[in-house]
Amino acid sequence: MIGYLARRLIGAVVVLLALSAIVYGLFYAAPSNPALLACGKGCTPDRLAVVKSSLGLDKPLVDQYLSFLHGIFFGHDYSSGPSVRKCPAPCLGYSFETDQPVTSILSSALPVSASLALGAMALSLLLGIGSGLVTVLSRRRWLDHALNAVVLAGYATPVFLVALVLLIIFCSDLQWLPFPTYVPLTQNPAEWARNLLLPWTALALIQAAAYARMTRAQTLETLGEDHVRTARAYGLSERRVIGRHVLRGALTPLVTMAAIDLAQVMTSAVLTETMFGLPGIGQTLVGAVGSTDLPVIVGVTVTAGTIYILANAFADILYAAIDPRVELA
Amino acid sequence: MTVPIEVAVGSDLPPPPLSRFAAWRRLRQDKAAATGMVIIAVMVLVAVFAPVLTALEGQDTTTQHSDLIDSASGGTPIGSLGGVSGSHWLGVEPQTGRDLFARLVFGARISLGVALGATLLQVLIGVGIGIASGLGGRLVDGVLGRLTDLTLAFPYVMFAIALMAIVPGSIPRPLILAVVIALLGWGSTARLARGQTLSLKTRDFVAAAKLSGAPPLRVARREILPGLVTPILTYAALLVPANMISEAGLSFLGVGVRPPTPSWGEMLSHGTTWFRPDVMYVLVPGGALFLTLLAFTLLADGVRRTLDPKNVEVAP
Amino acid sequence: MSSPSAVLEVRGLGIDFPVRGGEVVGAVKDLSFSVRAGAALGIVGQSGSGKSATALALLGLHRGTPARVSGQVWVDGVDVVAASDAEVRALRASRIAMVFQDPLTALDPFHTIGDQIAEVYRVHTKASRAEARARAIEVLEQVRIADAARRYRAHPHEFSGGMRQRALIAMALACRPKVLVADEPTTALDVTVQAQILDLLDEVRAETGMALVLISHDLGVVAGTADEVVVMHEGVAVERGTAEKVLLDPQDPYTQGLLAAMPRLDSPLPERDAAASEPETLVRIEDVTKHYRRGGALSGRRTEPVPAVDGVSLELRAGETLGVVGESGSGKTTLARMLVRLLEPSAGRVVFAGTDISALGERRLRPLRRDLQMVFQDPLSSLNPRRSVGEIIADPLRIAGESSDAQIRAAVRELMTKVGLDPKSYDRFPHEFSGGMRQRVGIARALAPRPRLLVCDEPVASLDVSTQAVILELLRDVQREYGLTVVFVAHDLAVVRQIADRVAVMRFGRIVELADSGTLFSAPQHEYTRTLLDAVPVVDPVAAREKRERRRSAAAIA
């Protein structure tokens with residue numbers, strides 16, 4: 001178990017290092033001029049030189065990357081002339097635009113994305129698994145067809161289209177809900193949920209389609225397995241057969257999938273955040289891209305990658321924990 | 001945008017071959033798939049003949065008709081339904097007054113072209129790497145496997161956005177869009193191809209081919225590749241709408257095609273601020289996008305059902 | 001309604017399966033039989049005979065499926081066909097229980113063995129958790145699972161195949177049913193384990209006084225256990241009677257054919273040409289070993305540990321047929337694949353006609369490939385479903401690239417004729433053929449490059465008995481005609497006896513005994529060989545019971 005965890009962790013770290021190197025290399029070696037960007041408008045050649053040496057942009061790219069890594073683990077001191085600016089670990093640098101530490105930008109954006117992702121996932125699992133099970137267990141063909149139609153529509157609909165329709169109906173026409181603004185959970189839980197209800201719904205409607213389809217397929221497959229026949233042959237009631245012997249097997253792969261999806265939704269809900277004006281990490285990235293704010297772009301993508309990789313590792317461990325056949329050795 | 005793999009792989013046993021003719025006939029008989037095909041055909045024709053269609057209408061994508069918008073109200077088109085008229089079949093854009101029909105039909109070129117191009121690239125890269133990974137030794141498989149993991153570990157949308165921000169402006173944007181979408185999205189195809197290859201590799205017919213003295217390339221081409229066609233085709237059919245959504249999303253966020261090139265996503269993103277005074281500006285590109293996506297999804301589902309081994313009647 | 005002494009009585013049972021286009025296929029037609037308490041009935045038939053459909057019908061397991069069941073099935077006074085769902089559910093496990101073919105999949109992987117048994121007991125007896133647990137441990141002990149209290153907590157995947165089948169029998173015993181239905185209970189098991197399970201079934205029947213319905217494709221499996229036998233063919237009972245009568249003096253031609261086709265340990269050996277004086281050695285294996293490494297490079301995945309070959313040496317004489325027998329995990333398939341260099345030995349040498357091929361590179365091996373051919377176990381897996389059979393057979397010729405297309409086609413047609421295939425079916429695909437026909441395609445492909453060594457890995461294991469006999473005959477013919485050296489790998493000693501000049505017995509990756517066929521079967525030297533031979537089912541019921549006694553006394557001594 002410990003050995004497995006260690007190996008999994010080392011694997012994750014290797015992938016993360018590769019990821020960060022690629023990201024850093026891509027953005028700092030790209031045809032953009034980082035020093036000029038950092039210097040801002042009305043930059044003088046003197047000032048440019050100072051910025052360049054302060055940020056270490058005059059050094060080779062490999063050194064830059066290593067000092068970037070060093071900053072993450074041990075912090076970083078930026079000296080421009082006599083003044084020294086301390087950036088404690090984990091240091092991802094300062095925004096070219098606002099001069100804020102990237103870490104503080106991230107720490108204000110992450111709760112927003114996490115709130116959005118958690119709620120949306122909970123809702124979509126509930127909707128997806130529920131409707132998937134109902135269609136299989138009721139054994140009604142028309143329900144099957146209806147589910148299939150909804151699933152196809154879910155695949156065919158971009159989230160911004162759903163968001164737009166929801167906004168038009170509920171905020172603009174019916175005016176049942178406010179145009180969402182993010183209220184922290186700690187500040188006012190009721191308002192937090194009320195404002196996030198529409199974004200959750202928009203994401204969940206699409207995500208749920210996939211879960212419904214998977215639930216249906218998995219349940220059908222498990223129902224066809226021999227051990228289910230055994231359970232029936234030994235006189236167990238249909239409810240018991242389903243509850244004890246079908247659902248466990250059918251939903252196990254779904255749980256692991258959901259763990260990865262959580263990270264996926266958290267890091268990829270850019271469009272939802274944009275549509276509903278939620279200041280999550282997606283919005284942050286889009287903003288940074290607009291102004292080529294390199295430290296923020298790199299910080300956000302590396303963070304998103306970390307979340308994603310950790311979620312993958314977590315999913316593997318979770319899978320091993322709930323399936324007795326998988327041994328961690 | 002990710003597409004779950006499990007929908008593509010029905011069973012790990014190779015299905016008895018369905019002749020191309022039989023598959024096509026069955027697909028045509030599938031009402032939903034046939035509807036999808038008709039819509040796609042219309043869209044493709046529209047995209048191909050976009051210049052002819054706009055010439056028929058007598059408009060182009062860039063001319064701003066300031067006489068057709070009400071600048072007092074911020075630029076709402078004059079007239080009902082967003083200024084629909086005999087010379088502007090779908091009305092004009094708010095604020096700029098550009099012809100909506102012209103922008104829609106040229107937008108179809110971007111939408112379809114990027115989605116199909118990206119899918120083709122994804123399949124080529126994915127199948128190539130998947131087969132190499134599956135047939136190669138431990139080292140090849142290990143390296144390619146990690147590479148695949150890496151692309152799958154990329155927060156896809158984030159990277160696409162970030163990448164689109166730094167690519168040089170000299171290369172045509174639609175091409176870059178397709179390449180970026182494909183480069184970030186081949187991982188799942190590779191994984192599927194690798195899985196199928198590994199499963200086929202354990203079949204004794206591959207061993208028999210080796211005993212017959214077949215060199216590796218012949219094994220890949222004759223024994224493995226035919227077994228990949230069905231799952232990859234089924235999966236690729238789902239990739240097309242997924243890629244289309246990616247393109248629309250990136251353009252929606254303003255990192256896709258550059259103005260004044262029209263794209264449905266870009267039109268929609270402007271449309272969101274205009275849906276109160278001019279709902280046509282949302283409905284036209286939104287409807288076109290939804291219809292095309294739905295058509296591709298219907299076709300993909302039809303392909304899956306047609307090629308699903310569980311649906312194949314086995315000759316006695 | 002039912003006759004007083006019978007706990008199970010089937011009258012006029014018919015089972016129909018609707019197929020596409022509104023047609024109906026009759027799987028079972030007008031079947032009647034009865035079983036008294038404590039008696040054992042064997043139902044024998046080949047695939048498609050309707051025996052498994054019958055087994056399911058005994059427990060009403062066709063309910064909720066499209067199958068249509070007619071007639072009467074009386075279980076302890078209740079007609080399963082006519083009873084309500086609730087009645088049937090109450091009947092299952094408590095009065096009639098079933099043991100399935102594949103113990104690997106018949107148990108729920110997510111729950112412990114003990115919990116699954118206890119659950120069944122609780123559902124039917126309303127016992128407390130503690131009582132159910134106690135009963136589960138009790139029946140686990142009854143099926144001779146050592147340390148039952150600890151094993152109660154094991155999951156199915158932690159059990160071996162034989163242990164799982166024991167656990168399933170324990171589950172069947174839990175509610176003390178009057179009838180136990182065992183549908184091919186030993187087909188997925190090794191021959192020694194099969195003997196143990198059959199002995200166990202026999203013992204628990206004697207201990208509990210329940211009736212046993214044993215269903216099998218193998219006459220030998222039924223012979224030692226059943227008092228009465230029903231032979232089924234295409235849904236109809238073609239013959240029935242006491243085991244002695246049906247198996248020793250069959251009246252129906254179908255039964256006679258089945259018995260004649262069955263390879264036996266006591267049948268006269270087919271005549272062989274006298275071996276040429278001092279035959280040369282074609283293949284020499286020197287201390288060959290194969291290890292499988294765990295896991296893949298750079299990947300976090302693990303692979304199951306795979307049995308290996310551990311220091312095997314032997315010589316193959318030109319023109320002989322060497323049989324290699326062993327149970328699963330004995331390394332016989334690994335050895336076979338190393339002989340044709342589909343696998344590379346970890347250590348040792350494989351010398352073919354003077355060349356060491358054990359570590360030869362793929363390119364240098366290619367010229368030798370045509371001499372080393374193989375016939376595989378599963379003809380479905382060994383034929384690419386997307387290529388026509390003609391092209392499959394032509395493959396080695398096309399790769400050799402020595403002849404024109406017309407020459408190749410002519411050669412393929414000739415080969416097809418030789419192995420008993422219609423040359424007109426050149427362009428047809430494997431799925432259009434039956435299992436036996438597919439195996440003929442596999443043989444034709446192996447013969448196409450005119451090899452010197454032919455390795456057959458369980459070539460008849462997936463075929464029905466009657467087809468087995470025909471394929472064995474074909475292999476004998478082509479060996480004689482082509483002067484082949486044949487290595488015949490199989491788990492079935494009786495099959496190997498039909499074809500091999502010499503036999504090697506493998507266990508745990510080593511050869512434990514190697515002797516001439518006649519010597520090995522009449523005077524086995526190694527104890528494991530004797531165990532194997534004792535475990536082989538025989539069709540003579542009297543001999544089968546004697547064998548069982550011999551096994552019991554051997555077990556008592558050990």
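This is a predicted model: local features need pLDDT of at least 70, side-chain atom pairs count only at pLDDT 80 or more; totals for chains, interfaces and linings use all residues.
Residues are numbered from 1 along each chain as its sequence is written, while chains are lettered from A and ligands numbered from 1 in the order in which they are written.

**Inside chain C**

Contact means that the C-beta atoms of two residues, placed from the backbone, lie within 7 Å. On that basis, 13 residues of domain 1 of chain C meet 14 residues of domain 2 of chain C. Helix α7 (residues 191-208) of chain C provides the largest share of the domain 1 side, 6 residues. Helices (H or I, at least four residues) and strands (E, at least two) are DSSP runs, numbered from the N terminus. The side of domain 1 of chain C that touches domain 2 of chain C has 10 nonpolar, 3 polar and no charged residues. For those classes, Ala, Val, Leu, Ile, Met, Phe, Trp, Tyr, Cys and Pro count as nonpolar, Asp, Glu, Lys and Arg as charged, and the others, Gly among them, as polar.

Two valines of chain C are worth a look. A residue is buried if 20 or more other C-beta atoms lie within 10 Å of its own, exposed if 12 or fewer, and partly exposed in between, with C-beta atoms placed from the backbone. C:Val123 belongs to helix α3 (residues 113-125) of chain C, and it counts as buried because it has 22 C-beta neighbours inside 10 Å. Its C-alpha atom is 9.8 Å from that of C:Cys175, 52 residues apart along the chain. Not counting residues up to four places away in sequence, C:Val123 touches A:Gly235 and A:Leu236.

C:Val496 lies in helix α18 (residues 493-499) of chain C. With 24 other C-beta atoms within 10 Å, C:Val496 is buried too. C:Val325 is 171 residues away from C:Val496 in sequence, yet 7.5 Å away C-alpha to C-alpha. Neighbours within four places in sequence aside, the contacts of C:Val496 are C:Gly323, C:Val325, C:Phe488, C:Ala490 and C:Val503.

**Chain B on its own**

Chain B holds 12 helices and 2 strands. Its C-alpha trace spans about 80 × 45 × 30 Å along the principal axes. Of its 316 residues, 55% count as buried. If you take contacts in chain B between residues at least 6 apart in sequence, 74% join residues at least 24 apart.

**Two helix pairs**

Axes are lines fitted to C-alpha atoms, for helices over the stretch in contact, and angles run from 0 to 180 degrees between N-to-C directions.

| Helix pair | Angle | Axis separation |
|---|---|---|
| α2(B) and α12(B) | about 135 degrees | 7 Å |
| α8(A) and α10(A) | about 155 degrees | 9 Å |

Angles under 35 degrees count as roughly parallel, over 145 as roughly antiparallel, 65 to 115 as roughly perpendicular and the rest as oblique. That makes α8(A) roughly antiparallel to α10(A), while α2(B) and α12(B) are oblique to each other. What about handedness? A crossing is left-handed if the near helix is turned anticlockwise from the far one by less than a right angle, and right-handed if clockwise. α2(B) passes α12(B) in a left-handed crossing, and the crossing of α8(A) and α10(A) is right-handed.

On the α2(B) side, the residues that meet α12(B) include B:Ala32, B:Gly36 and B:Met43. By class, this contact has 11 nonpolar, 4 polar and 1 charged residues.

**Between chains**

The contact between chains A and B takes 41 residues from chain A and 38 from chain B. α13(A) gives the most to the chain A side, with 8 residues. That side has 29 nonpolar, 11 polar and 1 charged residues.

Chain B also meets chain C, with 26 residues of chain B touching 28 residues of chain C. α5 (138-153), α9 (204-211) and α10 (216-252) of chain B each supply at least two residues of that chain B side. Its classes are 14 nonpolar, 5 polar and 7 charged residues.
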